[in-house]
Protein chains: 2
Amino acid sequence: MDTILKPLLRDVPDFPRPGILFKDITPLLANPSVRQKVVDSIALHFRSQQIEAVAAVEARGFIFGTLIAQELDLPFIPIRKAGKLPSKKITEHYSLEYGDAAIEMHVDALQPGTRVLLHDDLLATGGTASAAGNMIQKLRGIVAGYSFVINLSFLPGNSLLKEKFGVEPHFLVSF
Amino acid sequence: MDTILKPLLRDVPDFPRPGILFKDITPLLANPSVRQKVVDSIALHFRSQQIEAVAAVEARGFIFGTLIAQELDLPFIPIRKAGKLPSKKITEHYSLEYGDAAIEMHVDALQPGTRVLLHDDLLATGGTASAAGNMIQKLRGIVAGYSFVINLSFLPGNSLLKEKFGVEPHFLVSF
């Protein structure tokens, strides 16, 4: 995927803060055929793994998360920032580089034992992905896989998720 | 669509504020076959209308917005809350019932003359949808259609969009 995907990921220096090189996926979103190849490739990887639901964290995770759920014909579980989900929910607090964050899931989003694929567009420190995995487990679901479009290999997200959840995170390109 | 869709829209009273009856789409998202029917129905309606890109406002708009873009094989343009998009962008400020909000688009998200379908899950006052339409026009794009899963007919969104943009908003269910 490297040769077709990397030209559609735009580097934006110093966003959101000085010193950060942001990977902008909007050129990829503007290209329907490569976008479909991304979905096909992720779906192919997980098709044999008895996934029963796809979950993703707002907002960017929703984009490929829903497309993967549709391709695999599975329920989609939205994980949202605090205060957005209307019904009965659980909350997970976690630390970011600067300050704290919280994400939420509806308690009826999955049945105990459900095998969930967690998707986000980019794996960096793994903080958000790990918090999402904790919530799946608190609802007695199974973290059956992690999928990302992009992995930042100079950050510890990949090894963190492998150690905590015992699954090998899947990604299409690595920087 | 009423009979298959309405049972999957959960009423949550007093969310986000007392007196508001919130329409929760998470049961619909958990149902892949009805979710696909929603996408098919919207795509069928717009297939003959020479749409060239699908745009949606985060976060809930991304869910069916990307699915519609994929079904119609078109570019997807994410419209985001202020401060989220990394590259050169325009900002549109608008009023909510309590306070103000701002949404943004990348300036290279569309070429002048591009016919854009704007999607969101719910049409209420039309404030966000109208702000999104203003941005499309500022970038010299054409607001070729508005699509919603749900219309709240006791609020003025439908007539506002029709008057401002000269298109008949399309929705699947109305309350």
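Q: Which residues in α5(B) meet residues in α6(B)?

A: From α5(B), the residues B:Ala129, B:Ser130, B:Gly133, B:Asn134 and B:Gln137 meet B:Leu160, B:Leu161, B:Lys164 and B:Phe165 of α6(B). By class, this contact of α5(B) with α6(B) has 4 nonpolar, 4 polar and 1 charged residues. Ala, Val, Leu, Ile, Met, Phe, Trp, Tyr, Cys and Pro count as nonpolar, Asp, Glu, Lys and Arg as charged, and the others, Gly among them, as polar. Contact means heavy atoms within 4.5 Å, while helices (H or I, at least four residues) and strands (E, at least two) are DSSP runs numbered from the N terminus. The model is predicted, with local features needing pLDDT of at least 70 and side-chain atom pairs counting only at pLDDT 80 or more, while totals for chains, interfaces and linings use all residues; side-chain values use heavy atoms, and hydrogens and water are left out. Residues are numbered from 1 along each chain as its sequence is written, and chains are lettered from A and ligands numbered from 1 in the order in which they are written.

Q: At what angle do helix α5 and helix α6 of chain B pack?

A: Two packed helices are described by the angle between their axes and the distance between the axes. Axes are lines fitted to C-alpha atoms, for helices over the stretch in contact, and angles run from 0 to 180 degrees between N-to-C directions. Here, helix α5 (residues 127–138) and helix α6 (residues 157–165) of chain B pack at about 15 degrees, with axes 10 Å apart. Therefore α5(B) and α6(B) are roughly parallel to each other. The cut-offs are under 35 degrees for roughly parallel, over 145 for roughly antiparallel, 65 to 115 for roughly perpendicular, and oblique for the rest. The crossing of α5(B) and α6(B) is right-handed; a crossing is left-handed if the near helix is turned anticlockwise from the far one by less than a right angle, and right-handed if clockwise.

Q: How far apart are the axes of helix α3 and helix α4 of chain B?

A: The axes of helix α3 (residues 32–46) and helix α4 (residues 60–72) of chain B are 9 Å apart, and the angle is about 60 degrees. That makes α3(B) oblique to α4(B). In this pair, residues of α3(B) including B:Val38, B:Val39 and B:Ile42 meet residues of α4(B), among them B:Phe64, B:Leu67 and B:Ile68. The classes for the contact of α3(B) with α4(B) are 8 nonpolar, 1 polar and 3 charged residues.

Q: Where do α4(A) and α4(B) meet, and by which residues?

A: A:Phe62, A:Ile63, A:Thr66, A:Leu67 and A:Gln70 in α4(A) meet B:Phe62, B:Ile63, B:Thr66, B:Leu67 and B:Gln70 in α4(B). This contact of α4(A) with α4(B) divides into 6 nonpolar, 4 polar and no charged residues. The axes of helix α4 (residues 60–72) of chain A and α4(B) come within 8 Å and cross at roughly 60 degrees. The two helices, α4(A) and α4(B), are therefore oblique to each other, and their crossing is right-handed.

Q: What area do chain A and chain B bury between them?

A: The size of an interface is often given as the accessible area lost when the parts come together. Chain A and chain B bury about 2,900 Å² (accessible area, 1.4 Å probe, lost on being put together and summed over both), with 57% of it on carbon and sulfur atoms. In chain A, A:Arg35, A:Gln70 and A:Pro86 lose the most area to chain B, together 20% of what that side buries. In all, 35 residues of chain A are in contact with 35 residues of chain B.

Q: How many salt bridges lie across the interface of chain A and chain B?

A: The rule finds 2 across that interface, where a salt bridge is a side-chain nitrogen of Lys or Arg within 4 Å of a carboxyl oxygen of Asp or Glu. The side chains of A:Arg10 and B:Asp108 meet in a salt bridge at 2.6 Å, N to O.

Definitions and conventions: Buried area is the accessible area (1.4 Å probe) that two parts lose on being put together, summed over both.
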